[in-house]
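Subject: Structure handover and notes

Dear colleague,

I am passing on the structure we spoke about, and my notes on what was found in it follow directly below. Please keep the model open while you read, so that you can look up each residue as it is named.

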Amino acid sequence: MSRSPSFSVKPELGLKPDPEALQRWIVAFCIIRFDLEQGQLIEECYPPGCLTQDEELEVAFSSFPDSISQNQNRSSIHDCIFFFRFQRQKNRPQGNVTSSEITRVDDNMLPTTPKEKVPKNSKSRNNREDTKYLYGYVFNRQRHDERLKRGGEQKSVVILSHRPFSGVFRPLLQIMGPLYFDIGKKAVEHIAAYVSMWPSPVPGKLMELPIGNAMLKVNLPPSHSLPLEGGILFEESVSPMAPFLPNNQSVPQGLFHDSDLFGTFRGLLLQLWVLWELLLIGEPILIIAPTPPQCCEAVASLVSLIAPLLCSIDFRPYFTIHDPEFAHLNSLQERDAFPPMVLGVTNLFFLKALRNIPHIVSVGSPTPNSNRGALASRTSTGKFSGRPEGFGLQQLSLKKFSPSNLLNAVKLRRDGPLCLMTEHKEAIWSSYAATTKPDTSILNRLIDAGLSPRVEESMSVVNNEILRRHFLELTTNFLAPFGPFFRTTAPSEGSSPYADPPPLPLFIADEFLSSLSARGVGKFLSKRMRSNWLHLYRKFLEGPNFMPWFQRRRAAAEQEQNRLWRQARMRTDIQQLISKMSELEIVDSFNAIERHLTEETQLQKSGWAADDSATICQKLKGDLQAVFNVLPKDVQQLLLMNPQRAAFLQVQS
């Protein structure tokens with residue numbers, strides 16, 4: 001039986017949950033019981049009424065493993081933690097960003113020739129800006145007791161959130177799950193009260209979140225990695241990515257930075273570069289694992305593999321036949337293209353139901369012999385012990401390169417994925433020919449800890465850092481050729497900062513590929529990719545990940561450029577600037593300053609103004625007055641005919 005970390009509630013505080021404050025982090029807490037006659041039943045949902053009936057059904061069906069754990073004895077308790085993700089169609093919170101608010105790569109940025117273009121209606125424009133997803137984090141307890149009907153019972157404690165903050169909610173479940181089974185529904189009230197007191201999440205920052213007498217210290221993923229449907233404003237999502245590799249490996253560069261990449265794919269390390277490419281270009285992938293914790297960890301690890309690239313394809317860490325999307329996927333004909341998504345499943349029925357999915361990966365062990373939660377322990381205070389099953393490593397040695405391993409791989413490919421119906425094996429089935437070569441120097445640096453669980457857990461941390469840094473470097477170098485299209489410019493010395501900033505460089509796919517082909521991909525990638533590397537860039541441009549990432553980076557660059565020009569206006573000596581201008585240039589400057597002042601005033605009225613907006617307005621008004629004072633009297637009289645303009649000016653009577 002897994003025990004919760006030391007936790008106590010301070011009764012003297014008299015804490016009460018604040019449903020509105022709770023929404024900053026959590027949509028709802030659910031307690032779900034598996035009833036032998038009626039199936040899955042939601043016993044409690046707090047706050048009440050926040051889910052539709054269809055959503056309650058989907059949460060209930062997704063909160064239990066497809067099968068009873070085999071790790072049992074005559075009377076035992078088995079806990080596990082996993083998470084799922086599903087599309088929310090109704091009761092979406094207000095304030096979601098619409099497509100019109102997003103800085104787009106529109107007609108002037110799209111290719112003008114039919115070849116190699118990024119078409120408007122390609123799968124890269126997946127029209128998901130107006131959809132929301134819910135993430136469900138599950139603490140499932142299976143109690144085996146021969147005295148009970150059918151020999152046992154199941155119950156799940158679920159945290160629902162719009163935010164993919166696994167580093168927060170998994171350790172929170174380690175506290176809340178066992179606490180619920182100790183004191184009942186009071187645990188929900190206690191946890192909700194503490195979460196209500198948390199400050200608003202700040203993406204990309206280290207946050208200290210008190211929960212009882214414990215403290216969760218969590219590095220949240222950066223805003224540029226969060227999907228727009230994740231409950232964040234678009235303005236928050238356009239923070240620029242760091243142009244260099246971070247020295248601090250604990251700082252996440254993408255989603256699920258804390259996933260156990262090494263432990264999950266330990267038997268398929270040579271295939272990580274194939275999987276990186278498949279995620280990069282947005283190919284559909286089916287992940288099969290024996291248990292929900294193993295399959296959701298595999299999906300999370302794959303998503304994290306392409307950091308710092310924004311993952312824009314749909315991913316389902318734990319997918320069941322009850323998901324409404326299954327009916328559509330099951331109806332696809334052999335010639336129909338499978339939508340770009342990553343599905344994590346445990347039910348072998350999917351091997352037959354989704355026959356036309358092109359890439360299938362089998363991971364995990366049917367009899368995991370670790371009850372440790374390595375991932376959760378690295379995201380909290382580091383003091384938690386005794387963790388639920390789901391994130392431990394298999395006691396396997398690193399596979400050596402040998403003829404027997406090659407023969408086994410050939411046999412698996414020949415038998416096909418249906419061989420999993422008789423015996424679970426770690427393998428990948430795909431006809432995709434990768435451009436990137438496995439980096440054996442990275443694999444040789446990985447540490448094999450042997451049979452010591454304690455040593456293996458610490459070595460897993462080291463191995464994960466080695467792998468994650470390599471793929472972060474690989475992705476960063478792959479995206480580097482797009483850098484010139486995000487290059488900002490500040491006003492040159494002596495020029496007017498009141499003019500509009502120049503537009504960012506125009507992007508045309510044909511010209512980009514032609515230029516890249518001529519100058520090469522760079523030393524880092526040229527050593528690691530085959531000669532057809534340009535084809536990988538072409539596939540990336542056509543795939544679902546490119547356009548959302550490119551749009552967000554362009555928006556970040558434009559935001560940064562506007563900031564530079566705003567700063568330049570604050571520093572400008574207007575008297576010195578206009579002393580070198582002709583009368584026509586002075587009039588143009590007056591119109592430009594007035595336009596900036598009007599825009600700033602409108603932002604103030606709408607509530608979207610920056611913190612320094614009042615200072616900016618004061619400076620612009622002074623500059624406008626200075627320019628007005630040097631204009632001829634007849635021009636001044638003409639300008640004052642506009643009431644709004646006259647209000648900006650302090651005209652002497």
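In these notes, two residues are said to be in contact when they have heavy atoms within 4.5 Å of each other. Please also bear in mind that this is a predicted model.

Leaving aside residues up to four places away in sequence, Leu 474 touches Trp 273, Trp 276, Thr 436, Phe 524, Leu 525 and Arg 528. Is Leu 474 buried or exposed? Its relative accessibility is 0%, and Leu 474 therefore counts as buried.

For the chain as a whole, there are 23 helices and twelve strands, and of its 653 residues 54% count as buried. Among the contacts in the chain with a separation of 6 or more, 77% are accounted for by residues 24 or more positions apart.

Next comes a pair of helices. Helix 20 (residues 583–606) and helix 21 (residues 613–629) pack at an angle of about 155°, and their axes are 9 Å apart. Angles over 145 degrees count as roughly antiparallel, and that is why helix 20 and helix 21 are described as roughly antiparallel to each other. The crossing in which helix 20 passes helix 21 is left-handed. On the side of helix 20 the contact is made by residues including Ile 586, Phe 590, Ile 593 and Leu 597, while helix 21 contributes, among others, Ile 616, Leu 620, Leu 624 and Phe 628. Taken together, the residues of this contact divide into eleven nonpolar, four polar and four charged.

A disulfide is a covalent bond between the sulfur atoms of two cysteines. How many disulfides does the count come to? The count comes to zero, where a pair of cysteine sulfur atoms would have to lie within 2.5 Å. For Cys 30, the closest cysteine sulfur is that of Cys 45, at 3.7 Å, which is too far for a bond. For Cys 50, the closest cysteine sulfur is likewise in Cys 45, at 4.0 Å, and this too is too far for a bond. Cys 30 is buried, with a relative accessible area of 0%, and Cys 50 also counts as buried, at 16% relative accessibility.

Finally, there are some points in the backbone to look up. Most residues other than glycine have a negative phi, and most peptide bonds are trans. The peptide bond from Tyr 46 to Pro 47, however, is cis, with omega near -5°, and Pro 47 has its place in the loop between strand 2 (39–46) and helix 2 (53–62). Ala 307 and Pro 308 are also joined by a cis peptide bond, with omega about 10°, and Pro 308 is found in the loop between helix 8 (292–305) and strand 9 (314–316). Phe 256, a residue other than glycine, has a positive phi, near 55°. Phe 256 lies in the loop between helix 5 (234–237) and helix 6 (261–264), and at 3% relative accessibility Phe 256 counts as buried.

With kind regards

Definitions and conventions: Residues numbered from 1 in each chain as written. Predicted model: local features only at pLDDT ≥ 70, side-chain atom pairs only at ≥ 80, totals over all residues. Heavy atoms only, no water. Axes fitted to C-alpha atoms, helices over the stretch in contact; angles between N-to-C directions. Helix = DSSP H or I, 4+ residues; strand = E, 2+ residues; numbered from the N terminus. Parallel < 35°, antiparallel > 145°, perpendicular 65-115°, else oblique. Left-handed = near helix turned anticlockwise from the far one by under 90°. Nonpolar A, V, L, I, M, F, W, Y, C, P; charged D, E, K, R; others polar. Buried < 20%, exposed > 50% of the residue type's maximum accessible area, 1.4 Å probe, protein only.
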